[in-house]
Amino acid sequence: MISSCRLRILGMGRKAQKNDSLPGSLDMLILRTLSLRDLHGYGIVQYIQQSSQNGLLVEEGSLYPALQRLELNGWIDGVWGVTSNNRRARIYKITATGRKQLAVETRKYAKLTLAIARVMGAE
Amino acid sequence: MESAKRSEALREEMQLHLAEKAAELEADGMTVEHARAEARRRFGNVGLKQEESREIWMSRFVSELGQDVRYGLRMLVNKPTLTIVAVLTLALGVGANTAIFSIVDAVLLRPLPYRDPDRLVRIFFNEPGVGLRDVRFSKPELDDLQTRAGVFEGVTPIYEGSEIVTGAGQPERLDGVNGSFGYFSILGVTPQIGRLFGPEDFVPGFAEKAVISDGLWRRAYGADPNVVGRTLRLDNDPLTIIGVLPPGFRHPGPTVSGDAEVFCAFGMTGPPFPKPARGTRNLVNGLGRLKPGLTLAQAQARLTAMAAQLRQDFPGDYPPQTRWTIEIQPLQETLVGNVRPMLLVLLGAVILIVFIVSLNIANLLLARASGRQQEMAVRVSLGASRGRMVRQMLAESMLLSVIGGAAGVATAVGTLRFVLRFVPSSVPRLNEVRIDWVVLAFALLISILTGLMFGLAPAFHSAKVALSSAIREGGRGSGYSTKTGRLRDVLIVSELAFAVVLMVGAGLLLRTLRDLLQENPGFNPTQVVTANIQLPNPNDRATDPYRDVPHRATFDRELLRRMKAIPGVELAAITSVLPSTNSNPNAVGGITNEGFAIEDRPVESLQDLGAERIPISPDYFRVLQASLLRGRSFTESDEDGKPLVAIIDESTARKYWPTGDPLGRRVRFRRDATKPWTTIVGIIRDIKSDGLDIDGAPHIYVSTYQDSNKRLSVVLRTSLSASVLEPQIRHEIQSIDPGLPVFGIASMNEVLDRSLASRRFSANLVGGFAGVALVLASIGIYGLLVFMVGQRSREIGLRMALGARPADILKLVVTKGVVLAAVGIITGIILSACTASIMTSLLYGVRPHDPAVFVVVPLLLFAVAVLASYLPAWRATKVDTMTALREV
């Protein structure tokens, strides 16, 4: 019962994720970011942009539905805290199941990019 | 709540995000406005994103709810028997509640359909010193109320009476209301056509104008829009129609037989009214509208003070021992006060039934929940939260209660008209009964409450089930666990207790009814057929063929001659009122409560001594086979011009001549010194003239040839039925005068029966519910024990293998049932003993703690409980030892 319900949500948004070259990759990026340090929403966007050297442009608004979804799935946990410049914000941290999920997604992603690379290389 | 908090957090997060982005851009050298705009642009549509985020939460909630409902439905479909039993009993419970509540709502709760109904009051003139309430009043007293009291916007007396409408076809008798010219403005009504009475219509006597009801307008005038100005012949008087009332309008008071359809007005100062004098008390039924801003208590205080002042100012008109005073009561209370106890008892009964139904369903569900312990345990161990489990179980119960409730409301809507036919017509405002939003809200509330009631127990039970133990017990079916067992015991005990309360109530009502049916009415009602006649009462006496006693006597003699000539009629007689007709003492005609004085005895009250005066023809007591105790009956020669004679009943004799011999004593009616004395010539055994449940009202019978009314009934002793005689009776009467309406032809037994309609209705209804409660309670016990036997089959098998005899097993199971029944019944008896006194006003000849009822009901329920326990016990002895043991 419960697990089937979760799977349905795992099956994710009925809408395609905009500005995502790969569906679901935003979730993975968020999990990855949070696996390094606890951050609030804006911090996550900043981190992704900086670490991709502005190669990935996240539509910033899309971050929030994604955060809600991840939290609902129990992969991340948001608590009210204070940012580096002393403003009240929800600070997200990754949970144990979130780390497992990150591993799963990373593997899937690796497989996928490898497969794509093979196709592209074969040309 | 939860979702609102979440939305707020999300909004705050997004605002922070935008602010930080803008700050960063500003630091890069953008202007403030540009930075803000750019931050928004990069963020995308804030509203849309918020919505998307919310959708993620909502879709989870919705999908879980959907799942619960689907899962619940599947469970209901998988257990069709349980579902059908639950839905049917719920439909019964909710349906009965909806129907009864719709009546309670219309009759007791909804304000009266007049303008500012809370300012309408009934005005009573009382003489507490001599124990009289609602005595007549005079025109000067009415004027005092209007001008001197300063508390009323308007006051009117009301005469409710029968009117005869003649014209095309059969003459019709209908109910009319006569009031002052302010009657309609007191009630605050607007006509649908024409106008209503106003001060401009004032005449000292009767106005030759009439206002008619919507019903009469449609029936007699084909809804003619130009009806105003047409002439209506009422009791031979030509009246001009000045207006038509709106469809919903009803006269707020008792009428002779139905809704009032003709409204007339009078000035009370000119003929046929006597010259107004303080002591000439000829008016009845005071109705008034209080001035705005006055509370009932303030108005009452002023009226009490005014009454005291009047007593002082006119000592001759108000003898001090009467303590004459004025009382006001909200009109609604006057109208519905007498049916309130019955309706509340009925409402109580249906609420008890719905309790019993939901306890029964709780029991069924709990039994099933126990069977599902394992499933629940597995689900919890797989990560379902306790809250989620409770929600799942509640969703199932709610689903049941919603289906059952919908079925119940549908039943109520479908059968309401049918049910209303059984509601005695003495209940006022029945025409206002309908299933509206208030009633539907009540039905919904009842459904939800029952759903919660029968859903919570199994829900929390299943949530509490300790995982480990249930899983440990494995697939073999857990034993009869103590916790569930106790909960189920409590449910059964409460169910039985409620059933006892209902059955005791039903027992009391049924016993009352049975006693009344066996009551000796003082005469033999079998083989008697009755018919009612109304003589016209025109305002112009000269046109009245029945204007005085001699004229009416001629009619009476002709009527009796023709009645006796009908083949099959042995004897015929005339009376002004049939025994046990629920008469309205203030109505014109019919029974009249008459003041009289006894020779050589001082007068105590304004009303003198009171007795109901009933004019009869000589053979009346022979037709009824009533027994004359002493003296003589009337003869044909007790007529006008001869000495006036009267026959009294035992109650009158006991009340007014407790010591002496009333025979030969003389009384004078209406305290009128010019009237001759009437001599008492006989004493008759009491006849229940006012209803089988009214005792000891004094009656004085007079000869119809010496004193008579415009309303009369014929009684015929015959072996033929009323329906066979009806055409001949009608024909004979109308060959004397084709303008006479003949109505209510029925056997005397039917007439008697009608006086019990309201008691029969409540007794049968509560009795029916008690029967249902008995069945449900026995199903409850039976189900519990069957389940227990199933759960303990291993133990039973083991016991038998170890040498227990079937009798021991039988005892084991039956004892369980008997103990439960005993506890439930004793609890119920205590509850009933505490609540039975509520019903006192509905009982007659039976005390609320009637020992017979309090013994028979528990015994009956106990016997049923034992029987219900015996079947599962017998089944337990058939447990196959080997199978049971192999399961261990």
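Me: In β3(A), which residue is the bridge partner of A:Trp80?
Reply: This is a predicted model, in which local features need pLDDT of at least 70, side-chain atom pairs count only at pLDDT 80 or more, and totals for chains, interfaces and linings use all residues. Residues are numbered from 1 along each chain as its sequence is written, while chains are lettered from A and ligands numbered from 1 in the order in which they are written. β2(A) pairs with strand β3 (residues 88–94) of chain A in the antiparallel sense over seven bridges; strands (E, at least two residues) are DSSP runs numbered from the N terminus, and two of them pair if DSSP finds at least two bridges between them. The bridge partner of A:Trp80 in β3(A) is A:Arg90.

Me: Which strands of chain A stand at the edges of the sheet?
Reply: The open sheet is antiparallel and has the order β1-β3-β2 (chain A). Each edge strand has a single partner strand, so one side of it is left without a neighbour in the sheet; the edge strands are β1 (39–40) and β2 (76–82) of chain A.

Me: In β8(B), which residue is the bridge partner of B:Leu232?
Reply: B:Leu232 and B:Leu234 lie on the covered face of strand β7 (residues 231–234) of chain B, with B:Thr231 and B:Arg233 on the uncovered one. Four bridges join β7(B) to the antiparallel strand β8 (residues 237–244) of chain B. Within β8(B), B:Leu232 has as its bridge partner B:Leu239.

Me: Which residue takes a positive phi in the hairpin of β7(B) and β8(B)?
Reply: Two residues lie between the strands of this hairpin. The positive phi, near 50°, belongs to B:Asp235.

Key:
Buried ≥ 20, exposed ≤ 12 C-beta atoms within 10 Å, placed from the backbone.
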